[in-house]
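Subject: Structure handover

Hello,

Here is the structure for you to look at. My notes follow below it.

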Amino acid sequence: MRTSTPPAPGPSDPTAAVRRDRAAVVCGVGGYVPPRVVTNDELSRFMDTSDEWIRKRTGISRRHFADPGQATSDLAAEAGRRALESAGVDTVDAVVVTTTTPDRSCPATAPLVATKLGLEGVAAFDVSAVCTGFVYGLASAAGLIATGVAERVLLIGADTYSAILDMEDRTNAIIFGDGAGAVVLRAGHADEPGAVGHFDLGSDGSGEELIMVAAGGSRQRKSPGDVSRQDEHFSMRGKEVYRHAVHRMSASARAALELGGWKAEEVDHLVPHQANIRILHTVAEELGLPKERCVSNIGSVGNTGAASIPLALVDAVGDGTVKAGDRILLTAFGGGLTWGACLLRWPSLPPVRPSHDNGGTPA
Ligand code: COA
């Protein structure tokens, strides 16, 4: 699916003047990673791997894991609080949380996050698109604003992969980390800095088995003694996923560029889902961008799922890499299979608090 600006209202529509170029505009950003740092050396103590292998094959040096008492809603609420602070607001009309690791399979996590933030009574729901979740969430939030359902939306990508990883599966356990990243979107105009869009979104359910948690849903029910260790944990067929990720992230990025009329060389920063540094650099190369224009914090946080794009943005804005006015291309791929890309011109925001500012070891 390719979307550009919202459909133009008919000539008799009295709100036409308001709606024609109404768009969602980023006005705040925040990120949070839990304090506990897990290095590659720590993983090597209980699984057959090494710091050298992990760094060379993935670009990851360390990641953060939540403590057992910390759930996705806790990470999400902290990132959300920071994004509200950054936007200088204390209320929104809707909270959208995108996650693969909700606190519970029922209910959604967003209402709880809204309550934790003191946002009583606002609309709140989850979006599920695995590692593409943030781009899908951005499109959903932008839709709420473009249609006038909301004036302001808090969108949070949050995941606690440590809760679903099989720590005996060395191929996957080394890749993921926990964290949350958030943006506040407000109603504005399509031509102002911070306006999100154009979007390209897509999916292919025939690839369901490449990335999944097999048991615990309605397909494979979880009753005691029935479920294998493997089926109750996250599984991924890494080599196949690698190929799909490169192809889909590049193609989706190209589609969004075409919709927006941007040339690849006009992109200041490619902010891809942080899957594997080799994937990110190959995507940049496919788009004809030097790898220096590819924003990455995978070395210090790993793949944080739905949090990965906003966390990468927070860290790049925080260290001055991304500046007001820069042209940004987001692109993501994840389980489903799902993929998506979005264009964005970065707005002017007050200084951003680094995601690792939590009393833990600096990322
Ligand atoms: N430590 C040491 N050796 C490991 C290892 C680890 N953690 N994991 C796998 N190996 C071994 C394998 O057993 C294999 O050994 P063999 O050659 O003796 O059989 C060898 O390393 C190569 O394994 P392979 O699976 O081919 O590695 P790879 O280079 O494809 O890297 C991934 C594996 C998972 C890092 C890589 O496939 C990947 O990044 N995939 C995409 C992940 C991704 O993007 N996920 C997010 C999508 S949203």
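**Helix α3**

Buried means under 20% relative accessible area, exposed over 50%, and partly exposed in between (1.4 Å probe, protein chains only). Helices (H or I, at least four residues) and strands (E, at least two) are DSSP runs, numbered from the N terminus.

Please keep in mind that this is a predicted model: local features need pLDDT of at least 70, side-chain atom pairs count only at pLDDT 80 or more, and totals for chains, interfaces and linings use all residues. Residues are numbered from 1 along each chain as its sequence is written, and side-chain values use heavy atoms, with hydrogens and water left out.

Back to α3. Its buried residues are Asp-51, Ile-54 and Thr-58. The arc is that of the directions from the helix axis to the C-beta atoms. These buried residues pack against α2 (40-44), β4 (62-64), α9 and α10. Contact here means heavy atoms within 4.5 Å. After α3 comes Gly-59, with a positive phi near 85 degrees.

**Helix α9**

α9 spans residues 277-286, and Ile-277, Ile-279, Leu-280, Val-283 and Ala-284 are buried in it. Why are they on the same side of α9? Because they cover an arc of only 160 degrees around the axis. Their packing partners are α3 (51-58), α8 (238-260), β12 (269-272), α10 (298-301) and β13 (327-334).

Look at both ends. At the start of α9, a side-chain oxygen of Asn-276 comes within 2.9 Å of the backbone nitrogen of Arg-278. Just after α9, Gly-288 has a positive phi of about 80 degrees.

**The ligand**

There are 23 residues around the ligand, and Thr-49, Arg-57, Arg-170, Lys-239 and Asn-276 come nearest. A residue counts as near if one of its heavy atoms lies within 4 Å. The shell divides into 10 nonpolar, 8 polar and 5 charged residues.

Which elements supply the shell? α3, α7 (170-173), α8, α9 and β13 each give at least two residues. α8 gives the most, with 4.

Now the polar atoms. A polar side-chain atom of Thr-49 is 2.7 Å from a ligand nitrogen. An N or O atom in the side chain of Trp-53 is 3.4 Å from a ligand nitrogen. A polar side-chain atom of Asn-276 lies 2.7 Å from a ligand oxygen. The protein covers 75% of the 960 Å² of accessible area that the ligand has on its own.

**Two threonines**

Thr-101 is in the loop between β5 (94-98) and α5 (110-116). Thr-101 is buried, at 6% relative accessible area. Its side chain makes a polar contact of 2.7 Å with that of Asp-159. Such a contact is a pair of N or O atoms within 3.5 Å; within protein, one must be able to donate a hydrogen and the other to accept it, and residues adjacent in sequence count only if both atoms are side-chain atoms.

Thr-321 is in the loop between α11 (308-318) and β13. Thr-321 is partly exposed, at 34%. A polar contact of 2.5 Å joins its side chain to that of Asp-319.

Best wishes

Key: Accessible areas come from the Shrake-Rupley method with a 1.4 Å probe; for residues, only the protein chains shown count as cover. Ala, Val, Leu, Ile, Met, Phe, Trp, Tyr, Cys and Pro count as nonpolar, Asp, Glu, Lys and Arg as charged, and the others, Gly among them, as polar.
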